[in-house]
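Here are some notes on the aromatic contacts. Please read them with the structure open.

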Amino acid sequence: MSPRAEVRIDLDAVRHNVRHLVGLAAGAGTMAVVKADGYGHGAVDVARTALDAGARWLGVCTLEEAAQLRAAGITAPVLSWLHVPDEDFAPAVATDVDLGVASRRDLAAVAAGARAAGRPARIHLKIDTGLSRNGCPPHGWGDLLEAVADHTAAGEVEPVAVWTHLAHADAPAHPTIEVQAGRFDDAHAAARTRLGRTLLAHVANSAATLTRPDLHRDLVRPGIAVYGLDPIAGAGEPTALRPAMSLRSRVALLKTVAAGEGVSYGHIWTTPTDRVLALVPVGYADGVPRLLGSTGRLTVGIGGVRRPVVGRVCMDQVMVDLGPSGTDHGVAEGDEVLLFGAGDDGGPSAAEWAELLGTIHYEIVTGVGSRPRPVRTVVG
């Protein structure tokens, strides 16, 4: 039986994207970021594909995400970087997961995990260079390095890298990038001097990987670009990346509605004439944002033709206007409906949805609900 709705992941597109990114950062290693279940694309499948395509590292946000990769038998270096107080780091240390450290509290907790695991923890020291989010502020950097030196001497940690995150990488000429790069270089040099060892440097996210080769350093950390979504290009702009996710459903019902009838909650759209409407059984529980129904510009693809969604998006369904009644619209119940896809054939895309909503395509792909049945496909 065909599913009511499904997410299709083109792993060949992921492979293409990672190879492209690895080629751009030829002088550096590539860390494919697979946090948030691979931005909704399936962390384990994407991780294996990315490693096959030349990535050397994997990046995640949480210890649970790192544990999922290890449980799947993935042995490549993994960095987990955002943690809350009182987490147990011993399992991560025992399975050779690298850990982000941004404060003395982080460091003490990681060191406790290392003692419990009976081996030193590999750590990446994060300096806040201007994003004012996670990371050690410059005024506390020297104090953190002193503590790291003590725990290193005790055999509890092994410093591996210094890293930071950019605030304006999607605007490659923004002046804050140079400010952050300078602060990072100072912090990196101070760490090398105080700890007396070579430390990897990593700064570049997707946008900087694509546009700022001067910031590639030892390791780049592309995230959204792995999935074929360009953090700089707008909807419809050409890019070397190939979007990997599509969201599809089927026509559940065709019906004729008389002129002057309101459609869906609140009747924000009224039939101008007798119309044929198609009910599509997906809604905001499946990742179709409710606000899209208020833009008046949302379209879906049925039979290769883009058709407008009318009325409010509901939890489980949307209505599509096929046009005046009495006309053959070439649509039958059961026909496939493309909510969004690669967009390369003129169809709707995640970037287009983001533009309609005034948000970013990251939010669209990670917001796809759990109900669509994932179908992992390799094309080619």
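1. A residue counts as buried when its relative accessible area is under 20%. Tyrosine 39 has 7% relative accessibility, so tyrosine 39 is buried. Keep in mind that this is a predicted model.

2. The aromatic pairs come to 4. One of them is stacked: the ring centres of tyrosine 39 and tyrosine 227 are 4.8 Å apart, with the planes at 25 degrees. Stacking requires planes under 30 degrees apart, so this pair qualifies.

3. Where do the two partners sit in the fold? Tyrosine 39 belongs to helix α2 (residues 35-39), while tyrosine 227 is in the loop between β9 (219-220) and β10 (245-250). The pair therefore ties together parts that are 188 residues apart in sequence. Both tyrosine 39 and tyrosine 227 are buried.

4. Tyrosine 39 also pairs with tyrosine 362. Their ring centres lie 6.4 Å apart and the planes meet at 40 degrees, so this pair is tilted. Tyrosine 362 lies in helix α12 (residues 361-366) and tyrosine 39 in helix α2, so the contact ties together parts 323 residues apart in sequence.

5. Taken together, Tyr39, Tyr227 and Tyr362 make up one aromatic cluster. Tyrosine 39 takes part in the stacked pair and in the tilted pair.

6. A separate point concerns a charge over a ring. Lysine 126 lies over the face of tryptophan 163, 4.4 Å from the ring centre.

Conventions. Residues numbered from 1 in each chain as written. Predicted model: local features only at pLDDT ≥ 70, side-chain atom pairs only at ≥ 80, totals over all residues. Heavy atoms only, no water. Phe/Tyr/Trp six-rings, centres within 6.5 Å; stacked < 30°, edge-to-face > 60°. Helix = DSSP H or I, 4+ residues; strand = E, 2+ residues; numbered from the N terminus. Buried < 20%, exposed > 50% of the residue type's maximum accessible area, 1.4 Å probe, protein only. Lys NZ or Arg CZ within 6 Å of the ring centre and 35° of its normal.
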